[in-house]
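Subject: A structure to look through

Dear colleague,

I am handing over the structure below, together with some notes on what was found in it. Please keep it open while you read, so that each place can be looked up.

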Amino acid sequence: MSRRILFARVAAVCALVLGAVVVSFAPAYAASVTATFAKTSAWETGYTGQFSVKNETSTAISSWKVEFDLPAGTTVGAYWDALQTNASGHYTFTNREYNGTVAPGATVTFGFNASGTAAPTNCKINGASCAGSPTTTTTTTTDNSTTTTTTTTTTTTTTPPQTGLPRRVLVGYLHASFANGSGYIRMKDVSPDWDVINLSFAEPTSATSGELRFQQCPVAECPNVEPEAEFIAAIREKQAQGRKVLISVGGANGQVQLTTTAARDAFVRSASAIIDKYGLDGLDVDFEGHSLSLNSGDTDFRNPTTPVIVNLISALKTLKARYGAKFVLTMAPETFFVQVGYQHYGGGSGADPRAGAYLPVIHAMRDDLTLLHVQHYNSGPIMGLDNQYHFMGGADFHVSMADMVLAGFPVRGDATKFFPGLRPEQVAIGLPASVNAGNGFTSVAETQKALDCLMKGSNCGTYKPKTTYPGLRGLMTWSVNWDRYNNFEFSKAHRAYLPR
């Protein structure tokens, strides 16, 4: 899954014969600010690129500017975490107000989607080579050889953190703590078609406590529930088969409001306890209802001030740091909390203060986010990037909603507050598994029509996406149980369409 790009530093070493003494002048690389490029995903007609700006000096820098050239046939589309200008294929990216200061040894990143396959050339950062600033060192030895020139090459690679997920995924929520009319499924009996299994749900002891609890479905509701030891053993078996098992927090009944730092710390502590007890691979954030909202005056998704937002971001960053690069972090917001942000953003905009409230969390966690699978169901009409309203249940709805999080959009129509699109491999589409599972059920044919349009640029309806996204990661569904209730129509049909 990783993408690599190699940068060569070529140093010519010239030996000058001065009698019997040879003096060698060897360019080395001093501590400087560097910018390293990597293609984090690629497809036939384009790629997603990322630059990592690293301060290798002993003092902080307060701003940075990266310049490079792209040949004819390759252009930059959506971009994020930088400001961009273009003059005839010469691109300049400068820092945003929140990532210009880079401490000694620290790294910041920015990225973009490119149409075309050529990589950047002639890269400069703050006017110097992106590879670093050369210095000359001198050594003296005794030799009688003639003048020689040698070339050495140093290779730098960048490898994005890997979570072990396949190229295409099916994500399913498993009713682990309740049956909900669809019947209980033992962990060992979950279909192998699922790549990510979200245990539903861990819920708080109260809305503002932050203290999470998870327990298996009670026998009174689920007579066939397995013993805990068998449940844990089955999780290990799924993991041995390459599946990821997460704890999903929230759900329709689990309101989580981290209003205080004490609640934040309780969230981290109790989530860690659940993850450790069951040996899970990560966390799914399924905050619904009134879990997230924006206070009056909180109008910039890039610099949130509302405690429930700030504390959630802090908690997620702590968990990611605790468990490392392989920690799987997913989110399942409703469209109201994401795409509605194109028109309305809470914090005193006159709209519901929950409008767009997931955007600051997604943005703050974008470098650590494994998957965003917005729920394309239980939704009202939503305005897309074509400024037209789109309705649940058909291909156009899924294409337009996915395009918004992939291409990015100005929040509340403000071009100075542009929410950058996510990388295609970070995005999946959320759907009900059957008509029983939720409003907005979409047939297999319409779902795959949407995938054709987004991934291949074919079979599109009225809405045309900004570009194609061959790297789109897959589909999520509510739920594994409702899929079995519907004779596995969702998992069988879409697994065949999206082979690993």
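Which residues are exposed on the other side of helix α8? They are K492 and A496, where exposed means over 50% relative accessible area, buried means under 20%, and partly exposed is what lies in between, using a 1.4 Å probe and protein chains only.

Before going further, please note that this is a predicted model, in which local features need pLDDT of at least 70 and side-chain atom pairs count only at pLDDT 80 or more, while totals for chains, interfaces and linings use all residues. Residues are numbered from 1 along each chain as its sequence is written, and side-chain values use heavy atoms, with hydrogens and water left out.

The protein as a whole

The protein has eight helices and 26 strands; these are DSSP runs numbered from the N terminus, with helices being H or I of at least four residues and strands being E of at least two. Of its 500 residues, 55% count as buried. Its accessible surface comes to about 19,900 Å², and 52% of that belongs to carbon and sulfur atoms; the areas come from the Shrake-Rupley method with a 1.4 Å probe, and for residues only the protein chains shown count as cover. If one takes the contacts (heavy atoms within 4.5 Å) in the protein with a separation of 6 or more, residues 24 or more positions apart account for 75% of them.

Helix α8

To return to α8, which covers residues 489-497, its buried residues are F490, S491, H494, R495 and Y497. Seen down the axis of α8, these buried residues fall within an arc of 155°, so they line one face of the helix; the arc is that of the directions from the helix axis to the C-beta atoms. Among the elements that cover the buried residues of α8 are β14 (169-175), β25 (427-432) and α6 (444-456), and the cover also includes β26 (474-478) and α7 (480-485).

Helix α1

Helix α1 is made of the 13 residues 228-240, which at 1.5 Å a residue should span 18 Å, and its end C-alpha atoms are 18 Å apart, in agreement with that value; the expected span is 1.5 Å times one less than the number of residues. In α1 the buried residues are F231, I232, A234, I235, K238 and Q239. Viewed down the axis of α1, they fall within an arc of 160°, so they line one face of the helix. They pack against β15 (196-204), β17 (244-251) and α2 (261-278), whereas the face of α1 turned away from its buried side carries the exposed residues A229 and A240. Just after α1, G242 takes a positive phi of about 95°.

Points in the backbone

A cis peptide bond joins S200 and F201, with omega about -5°, and F201 has its place in strand β15. The peptide bond from W478 to S479 is also cis, with omega near 10°, and S479 lies in the loop between β26 and α7.

What is the phi of N122, a residue other than glycine? It is near 55°, a positive value; N122 is found in strand β10, residues 121-125, and is exposed, with a relative accessible area of 54%. N126, which is not a glycine, has a positive phi of about 50°. N126 lies in the loop between β10 and β11 (128-129) and is partly exposed, with a relative accessible area of 42%.
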